[in-house]
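Please keep the sequence and the model in view while reading.

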Amino acid sequence: MPHLNHSISSPLETQILQAARRLFAHQGYDSTTTRDLAIAAGVAEGTLFRHFANKKAILIAIVTEGWVEILTDLLTELSAVGNYKAIAQLLHRRIINLHENADMMRICFLEAQFHPELRDRIQSEIIAKMTNVTEAFFETAMQKGVYRPMNPRIVAQVFLGMFAVAGFSYSTFLEPNASPQAMKEMAEGLADIFLNGVSAKD
């Protein structure tokens with residue numbers, strides 16, 4: 001199965017990115033200085049620039065690596081999807097996973113509108129690649145007779161849109177502090193609609 005490629009950060013880079021993720025999410029990118037980042041990461045300010053060209057590079061690394069990790073997990077699980085129960089379980093896990101990555105998601109959607117470089121990287125490195133990989137999965141599944149013949153790219157786009165809804169449902173469609181049962185029902189409903197549609201069968 002095709003996969004998403006990304007560079008693996010060193011332990012020190014990971015330490016810096018984790019500190020930056022917390023600061024950017026809670027006080028904003030523009031309000032965070034490189035001195036703030038160095039203190040939070042427990043390193044000298046000069047150390048930041050031995051690993052990242054500038055503060056913007058840290059922002060882009062947070063979002064790119066965070067999304068690649070989430071999507072790699074999604075696409076790995078996708079290879080086992082072939083029925084309603086499997087898709088419902090996958091979406092349930094993804095809802096929880098995205099909630100656990102709330103800081104990265106907040107940074108992504110707050111800052112992308114102000115930083116074209118970040119928006120372009122998300123489009124080229126993440127959205128385009130995950131659509132291609134998901135399309136390849138559905139095309140193979142259709143050839144095997146798992147799904148009925150359709151345009152696999154459209155199916156991939158619908159699935160990824162559903163995945164996005166599942167991810168954001170924790171903080172948008174669901175009530176605050178929603179129960180595990182409510183999250184499970186959301187995932188099962190999305191999976192049912194994806195596989196069976198909403199029209200009544202004749």
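Glutamate 117 and lysine 56 are joined through their side chains by a salt bridge, with a distance of 3.0 Å from N to O. This pair ties together distant parts of the chain, since glutamate 117 belongs to helix H7 and lysine 56 to helix H4 (residues 55-78), 61 residues apart.

The surroundings of the two partners may be considered in turn. Glutamate 117 has a relative accessibility of 39% and therefore counts as partly exposed. Lysine 56, at 19% relative accessibility, counts as buried, because the cut-off for that class is under 20%.

Lysine 56 also takes part in a polar contact: its side chain meets the side chain of histidine 115 at 3.4 Å. Histidine 115 is located in the loop between helix H6 (102-111) and helix H7 (116-143). With a relative accessible area of 7%, histidine 115 is buried. Apart from its neighbours within four places in sequence, histidine 115 is in contact with Tyr29, Asp30, Lys56 and Leu59.

How many salt bridges does the structure hold? There are two. Besides the pair already described, the side chains of arginine 153 and glutamate 135 form a salt bridge, at 2.5 Å from N to O. Here too the pair links distant parts of the chain, with arginine 153 in helix H8 (residues 152-169) and glutamate 135 in helix H7, 18 residues apart. Arginine 153 has a relative accessible area of 30% and is partly exposed.

Attention may now turn to leucine 48, which is found in helix H3 (residues 45-51). Is leucine 48 buried or exposed? Its relative accessible area is 0%, so leucine 48 is buried. When neighbours within four places in sequence are set aside, leucine 48 is in contact with Ile16, Thr34, Leu37, Ala38 and Val43. Between the C-alpha atoms of leucine 48 and arginine 35, which stand 13 residues apart along the chain, the separation is 9.5 Å.

It remains to consider the confidence of the prediction. The protein has an average pLDDT of 80, and 85% of the residues score at least 70. Confidence is highest in helix H2 (residues 34-41), with a mean of 95, and lowest in helix H5 (residues 84-100), with a mean of 73. Where pLDDT is low, predicted coordinates should not be read in detail.

Technical notes
Residues are numbered from 1 along each chain as its sequence is written. Side-chain values use heavy atoms; hydrogens and water are left out. pLDDT is the predictor's confidence in each residue, from 0 to 100. Helices (H or I, at least four residues) and strands (E, at least two) are DSSP runs, numbered from the N terminus. Buried means under 20% relative accessible area, exposed over 50%, partly exposed in between (1.4 Å probe, protein chains only). Contact means heavy atoms within 4.5 Å. A polar contact is a pair of N or O atoms within 3.5 Å; within protein, one must be able to donate a hydrogen and the other to accept it, and residues adjacent in sequence count only if both atoms are side-chain atoms. A salt bridge is a side-chain nitrogen of Lys or Arg within 4 Å of a carboxyl oxygen of Asp or Glu.
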